[in-house]
Amino acid sequence: MGRLTVYIACVASLMVGLFFIFVWAPHPWGWEGFDHYNDLGRVLARGGSFPTMDRPWGYAYYLAPFYRVFGDRLWIALIVQAVLNELVPLLVYEFARSEFDQRVAVVAALLSGFLSFNTVYASTQSADALCNVIFIAAVALFAVARRRGDWRRHAAAGVLLGIATQFRPNLILVPFVLAVFLMVERRTLTRVAQACVLVMASATMLIPWVVRNYRMTGEIIPTSTHGGLQLWYGTLQTGPYLNSRAYNPRAVFEEGSFPYTSLDRVPLVVTGRIADCATVPEALALVYWTDRDPARHRVRPQWLEGRGFRADIPPSPAPTAYYFFFDGVVPSREAAPYVYFVSGDHLGDIDRHGDMLDVFDLVRLLRHLAWSEPVPAPGPLDFDGDGRLSEADAQLAAGLLLAHAVPPHQSGTPIRVDAGPVSVVLRWGDGSSLEVPRAWSGRITEVDVRGPLAAALLRSTVPFALLRAERAAPAGAAGCAALDRVEVNAPYYRQQPHEMRRYVALAMDNIRRDPPAYFAAVAYRVLRVFFIEGSDDPNTAQQFTGSSRVYRVAHAASVTLFVLFATGVWAAWRRGAAIALPLLLIAYIPATLAFVLTNMRYSITVQPLLFMFVASTLVTGMEATGIWPRRGPTSGSPARGPARTQTARQP
């Protein structure tokens, strides 16, 4: 078996890919795929700028030319993906021939051609489809550069790895890992120089994206902001929720309890629009002040299409409370200004001056009712005006928060307070509850929130000044609200970096609460990343026609693949293969992803390397049973035994 067999594997890969594109595919996404790359590609095709930091740019920019030239003929981009994926068996062969041997290389190419999971992703719009081809091409190129000491190939491998990072951000450290491998394997100044070339070439591919993100946010974001969310998801999927984060009650804390941002080095961006029922004012001004600077400042908004406007407020260091209203419209809210916070405290009470009714006020009120704890400035919480704080005040506070939630909620059921020695619970008739423990450090995440009404209350705030204005207004005087959808830091380049910080804070809090459960989940995911685990639960796994059967087959296939891989490590070592580099790259995936939410999709990047070890198992077995005659050492073959596991075959 030789190159002809490898070419057959390439053709087989293309045929299987075309079958998945045009006949049937074992996934639910259709041609448009997932992660909204179809929408991003269309935006770029229309000449728009890349509208997010939550996704890397690579795959969207791949799709954009196809949308621009061919419109919504999605199959054209998928055919190109299938053609590129056709190269994987050839790349596998070239790499395995240098690190293993000829027979293993051919069998690994066959496995990649007929059984690669990446062929499934090539039939839909998925960043994995291209990333995995780019990655294995970079690895094959690196292997050649390493054998020949070719700095140009090291640079080319670095460029490919830098590009791959803009498809799958978890690959960002691969160039550094390979650089260390180069220097450890052979401690010479030449290797150090080659390692530097590799890393610098990779970093060069990131520079435009880093500069773009820094200009927009003042933050260094080399790939995307999505890592914070994945880390938080990983801390939710622990303990009794190891197989599904969907049912972890701590997911309710995703959104903050206040209107705030943690970004204090960039201007606040205030956006809104003039309501359709109101006349667009000739002169509109945003008037603001802060708790650091009580002087009032005026900012002229910039008018946008669709009666919209935008105004930028200069930054102030955290913590800062901003107050603002709009002059030129009725009502202006000068007497009841908007309140917005800048703070790095994601889990505590950041309303330092008591400007707003919020869940922390309700928590303090409940603790006062249960254990007579003093309440700072109790006056605003005496909603029934009887001169004392009672259960009726807690009920009224909850009702006001629900009425001002987005969207507004009405409890429609009785509310009661149940106090005990270790906790106090606010209960609604629909089963919703908010339980406050007596031992409380002040973090909102220590409050147990269950049900839709408690969740809505958790995220609701209303300025006390606005409540007073509403009580003072005559009945039926609502009229036309001149302003609509007034928001602060709504643009993605303000919202997403802040959300990344919040998710990290939530993740750290989850880990702090139960470190053993989290690290047990990390250990589980070290292996879980190599297996497909389906479920009939739509909140746990994608459901589609025949999904149960597909999941069973895929699970069996992934388990079989891993067992053959594990066996192949020993077989390849016995055959004298240079296993250090492929094993290092395989181990990189769980080492960098087990800490976050992950699944088998992420290990497909290194599946071609797994196939090399599987091929070692198969070839060794066929030689042992006499199906293939054993081959003795030949000129240029690697020496057998452990001494060869750290280096590649030499030319």
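This is a predicted model: local features need pLDDT of at least 70, side-chain atom pairs count only at pLDDT 80 or more; totals for chains, interfaces and linings use all residues.
**Exercise 1**

Solution. 

Step 1. A disulfide is a covalent bond between the sulfur atoms of two cysteines. The structure holds 1 disulfide.

Step 2. The angle about the S-S bond is 80 degrees, and the link of Cys277 and Cys480 is right-handed.

**Exercise 2**

Classify Cys277, Cys480, Cys131 and Cys196 as buried, partly exposed or exposed.

Solution. 

Step 1. The cut-offs are these: under 20% relative accessible area is buried, over 50% is exposed, and values in between are partly exposed.

Step 2. Cys277 has 52%, so this residue is exposed. Cys480 has 30%, so this residue is partly exposed.

Step 3. Cys131 is in no disulfide, and its nearest cysteine sulfur, that of Cys10, is 19 Å away. With a relative accessible area of 0%, Cys131 is buried.

Step 4. Cys196 has 40% and is therefore partly exposed.

**Exercise 3**

Give the strand order of the open sheet of 4 strands, and name its edge strands.

Solution. 

Step 1. Strands of a sheet pair through backbone hydrogen bonds, either parallel or antiparallel.

Step 2. In this sheet the order is 10-11-12-13, and the pairing is antiparallel. Strand 10 (415-419) and strand 13 (448-450) are the edges, since each pairs on one side only. From one strand to the next the twist averages 10 degrees.

Step 3. Strand 11 (residues 423-428) and strand 12 (residues 433-437) are antiparallel over 5 bridges. Val424 has Val436 of strand 12 as its bridge partner, and Ser423 stands opposite Pro437 in strand 12. The hairpin of these strands has 4 residues between them, and in it Gly431 takes a positive phi near 100 degrees.

Step 4. On its other pairing, strand 12 meets strand 13 in the antiparallel sense over 3 bridges. There Ser433 stands opposite Arg450 in strand 13.

**Exercise 4**

Which helices lie across strands of this sheet, and how many residues of strand 12 are buried?

Solution. 

Step 1. Helix 13 (residues 359-371) lies across strand 10, strand 11 and strand 12, at about 65 degrees to strand 12.

Step 2. Helix 14 (residues 391-403) lies across strand 10 and strand 11, at about 125 degrees to strand 10.

**Exercise 5**

Decide whether Glu446 is buried or exposed, and list its contacts.

Solution. 

Step 1. Glu446 is placed in the loop between strand 12 and strand 13.

Step 2. Its relative accessibility is 17%, so Glu446 counts as buried.

Step 3. Apart from neighbours within four places in sequence, Glu446 is in contact with Pro437, Ala439, Trp440, Ser441, Arg512 and Arg513.

Step 4. With one of these, Ser441, the side chain of Glu446 makes a polar contact of 2.6 Å, side chain to side chain.

Notes. Residues are numbered from 1 along each chain as its sequence is written. Side-chain values use heavy atoms; hydrogens and water are left out. A disulfide is a pair of cysteine sulfur atoms within 2.5 Å. Buried means under 20% relative accessible area, exposed over 50%, partly exposed in between (1.4 Å probe, protein chains only). Two strands pair if DSSP finds at least two bridges between them. Helices (H or I, at least four residues) and strands (E, at least two) are DSSP runs, numbered from the N terminus. Axes are lines fitted to C-alpha atoms, for helices over the stretch in contact, and angles run from 0 to 180 degrees between N-to-C directions. Contact means heavy atoms within 4.5 Å. A polar contact is a pair of N or O atoms within 3.5 Å; within protein, one must be able to donate a hydrogen and the other to accept it, and residues adjacent in sequence count only if both atoms are side-chain atoms.
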